Amino acid sequence: MESESGQPVSLRARKRQETLRRIAETGLRLFGERGYEATTLDAIAEAAGISRRTFFSYFRSKEEILLDWQMRGFSAQLREAVLAQPDAAPVDVVRGAMLHLVAGIRTQEFISIDRVLRANETLQARKQATYGLHERALHEALVERWPDPARSQALRLVAMVSLGAMRLAIEAWIQAGGDRGAAPFLEEAFAQVRAEICGRSETNGVPFAP
């Protein structure tokens, strides 16, 4: 097993990653089943098969479980998906990466977690703050694929617009009840981006050019 940097992961580090993932997944499941406020740290620890003390070795609060899911988990997956996409224009690479990620969404769990975030003002504020982190992570992934410094600003524009499209698509999908996959909503959002921007962008040949 290797880390994101490609270096081998030690057995100790791997066990820690596995425990962290188990705690996070357990917490998310209980939040969806019982509600965020009704889910205690002790309940998460017991269901994850760890002690309360061990819980605090990984997370300082149950809020951090949701923030970890929002920030590190998604950003890392998005970077990996962007780097794995075949050659294409930047916006199409991002579109393909996002379609890959939404294909793995567990609908009811995702909607339950989103409901928790929207119902808590503190979590809602922190949720909004994570979009800036996602934007930076996406921009860095795009720069990794297209390292020409002259393209950095245009690639940041692609990151900003793409994440905006994703946010609108996910909101529309949730409002529709999640009865069908999120992919059609994401496709429609990117189609709208192209309809409004692509013509002008292709003229100067920067953000949407391969």
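A: Let's begin with charges over rings. A charge sits over a ring if NZ of Lys or CZ of Arg is within 6 Å of the ring centre and within 35 degrees of the ring normal. Keep in mind that this is a predicted model.

Q: Which ring does the charged end of Arg167 sit over?

A: That would be the ring of Tyr131, with the charged end of Arg167 3.7 Å from its centre. Arg16 gives another case: it lies over the face of Tyr58, at 4.2 Å from the ring centre.

Q: Next, ring against ring. How is a pair of aromatic rings described?

A: By the distance of the centres and the angle of the planes. Searching the whole structure turns up two aromatic pairs. In one, Phe55 and Phe56 have ring centres 5.6 Å apart and planes at 85 degrees, so you'd call the pair edge-to-face. In the other, the centres of Phe55 and Phe59 are 6.0 Å apart and the planes are at 40 degrees, so that pair is tilted.

Q: Which residues do the ring pairs link into a cluster?

A: Phe55, Phe56 and Phe59.

Q: And is Phe56 buried or partly exposed?

A: Phe56 is partly exposed, with a relative accessible area of 37%. Phe55, on the other hand, is buried at 0%, and Phe59 is buried too.

Q: On to salt bridges. What can side chains of opposite charge do when their charged atoms come close?

A: They can pair. For this structure, a search of the whole model finds eight salt bridges. Take Arg52 and Asp42: their closest N and O atoms are 2.9 Å apart. Arg52 lies in helix α3 (residues 52-58) and Asp42 in helix α2 (residues 41-48), so this bridge ties together parts that are 10 residues apart in sequence. As for accessibility, Arg52 is partly exposed at 42%, and Asp42 is partly exposed at 43%.

Q: What about Arg156, which residue does it form a salt bridge with?

A: Glu135, and the closest N and O atoms are 3.3 Å apart. Arg156 belongs to helix α8 (residues 152-175) and Glu135 to helix α7, so the pair ties together parts that are 21 residues apart in sequence.

Q: Last feature, a whole helix. How many residues does helix α5 have, and how far does it reach?

A: Helix α5 (residues 90-102) has 13 residues and reaches 18 Å from its first C-alpha to its last. That is close to the 18 Å expected at 1.5 Å a residue.

Q: And how many of the residues of α5 are buried?

A: 10 of the 13 are buried, so α5 is largely enclosed by the rest of the structure. Among them are Pro90, Val91, Gly96, Met98 and Leu101.

Key:
Residues numbered from 1 in each chain as written. Predicted model: local features only at pLDDT ≥ 70, side-chain atom pairs only at ≥ 80, totals over all residues. Heavy atoms only, no water. Salt bridge = Lys/Arg side-chain N within 4 Å of Asp/Glu carboxyl O. Helix = DSSP H or I, 4+ residues; strand = E, 2+ residues; numbered from the N terminus. Buried < 20%, exposed > 50% of the residue type's maximum accessible area, 1.4 Å probe, protein only. Expected span 1.5 Å × (residues − 1). Phe/Tyr/Trp six-rings, centres within 6.5 Å; stacked < 30°, edge-to-face > 60°.
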